[in-house]
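Here is a guided look at a protein model, written for someone who likes to check things atom by atom. Please open the viewer and follow along.

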Amino acid sequence: MELNRRTVIAGAAAAGIAATTLGGTAHATGGRKPVKTLFGKLADGTKVYSWSLENGGTRLKVLSYGGIVQSLEIPDRRGHYANVSAGFATLEDYVAKSPYFGALIGRYGNRIGKGKFTLDGKDYQLSVNDGEQSLHGGAKGFDKRVWDVEPFTKGTDVGLHLYYTSVDGEMGYPGTLKAKVTYTLTRRGDWRIDYEATTDKATVVNLTSHVYWNLAGAGSGTIEDHELQIAGSRFTPTDAGLIPTGELAKVAGTPFDFTRAKPIGRDIRVSHPQLVTAKGFDHNWVLDKGITARPEHAATLRDPSSGRTLKIATNEPGLQFYSGNFLDGTLTGPSGRTYRQGDALCLETQHFPDSPNKPKFPSTVLRPGQTYRTTTIHTFGY
């Protein structure tokens, strides 16, 4: 019999079951006002705060630096908690060597080829920080900015409003972009992200979240036994620089077929040119639903050992699945364990990489008078 999430949480609380990994006790559903604590200071003296939220059995810690999810704790089928988001214990580590752990990404999630695009007849050169490419907004994207944070409670929901204004020309992007991102924990324990942005000049924008998931617990080992299903029958193959070629290729008959759930490790070492180039999966799936008015199913991730599941719904047309190919054992998390290749994965809801240079891809152009809006919902279960 499949266990109900609330039954597991409430039962664990009644029995006084201790949480694993990070300590504490399992809690029944019920929101709690966000708590603010000092996390550290940047070299220029700027204070960085940590915000702790809890609702519906989900616990979330967010930093004002980069809007980073430092930890996200959920229970397993026995009510035992673990942090399922890879991260660091200190601000210094996030500043010096983070591979975008848990961060808000902007202005443009994913890659733009050679950091160049043309808009309304004008050429723009962006910050290049990934070989010849511009990755995740450039050398100092939204992940390396301090956001203004405003906590809120609304009915049975708790959350944070995060604000950042990116000035005209920052990292090469045109227009002053005012971004607002809302993190909400619902009474069911869902984590919802609502993105908004406006501009005073035509620009491109593609915001996303870069959480590294391991549903067995961050630092616990490989994610290759996780089972993944993606609601996309096509993907965007890339060149040697991991820039889409423009083709929308069918996944059928290839290692990229996740239309039915399968272990991530099943095909990851198949000698397929795309897997060889990326050292694993690091590709954008074209979601069959396309752009939708409301969030619809995009992917389901399950860890058989703990029973934890993650379901992702979005109104975005694409999903970047990255299998942690460039984690190399040199980074250490709060658990004291190192992150090795394949020890965590990302599922980034988005528009497609390099869309500004691919007219046939869904447009990422935002103009004055328009409001960029997109939503992604993470639902946790057993």
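We will go from the nonpolar cores to strand pairing and then to some backbone angles. Keep in mind that this is a predicted model.

Let's begin inside. In soluble globular proteins, nonpolar side chains tend to be buried together. Here the largest nonpolar core has 55 residues, and Trp191, Trp213 and Phe321 touch the most other members. Strand S13 (residues 177-185) gives this core its largest share, five residues. A second, separate core holds 23 residues, including Ala103, Tyr212, Leu331 and Tyr339.

Next, turn to strand S17 (residues 227-230). S17 pairs in the antiparallel sense with strand S20 (residues 262-263) over two bridges, and with strand S22 (residues 296-302), also antiparallel, over four bridges. Glu227 takes part in both pairings: Glu227 stands opposite Pro263 in S20, and its bridge partner in S22 is Arg302.

Finally, the backbone. Most residues other than glycine have a negative phi, and most peptide bonds are trans. The bond from Gly106 to Arg107 is cis, with omega near 0°; Arg107 lies in the loop between strands S6 and S7. His136, in the loop between S10 and S11, has a positive phi near 55°. Leu242, in the loop between S18 and S19, has a positive phi near 65°.

Note on methods
Residues numbered from 1 in each chain as written. Predicted model: local features only at pLDDT ≥ 70, side-chain atom pairs only at ≥ 80, totals over all residues. Heavy atoms only, no water. Core = buried A, V, L, I, M, F, W, Y, C linked by side-chain atoms within 4.5 Å. Buried < 20%, exposed > 50% of the residue type's maximum accessible area, 1.4 Å probe, protein only. Pairing = 2+ DSSP bridges.
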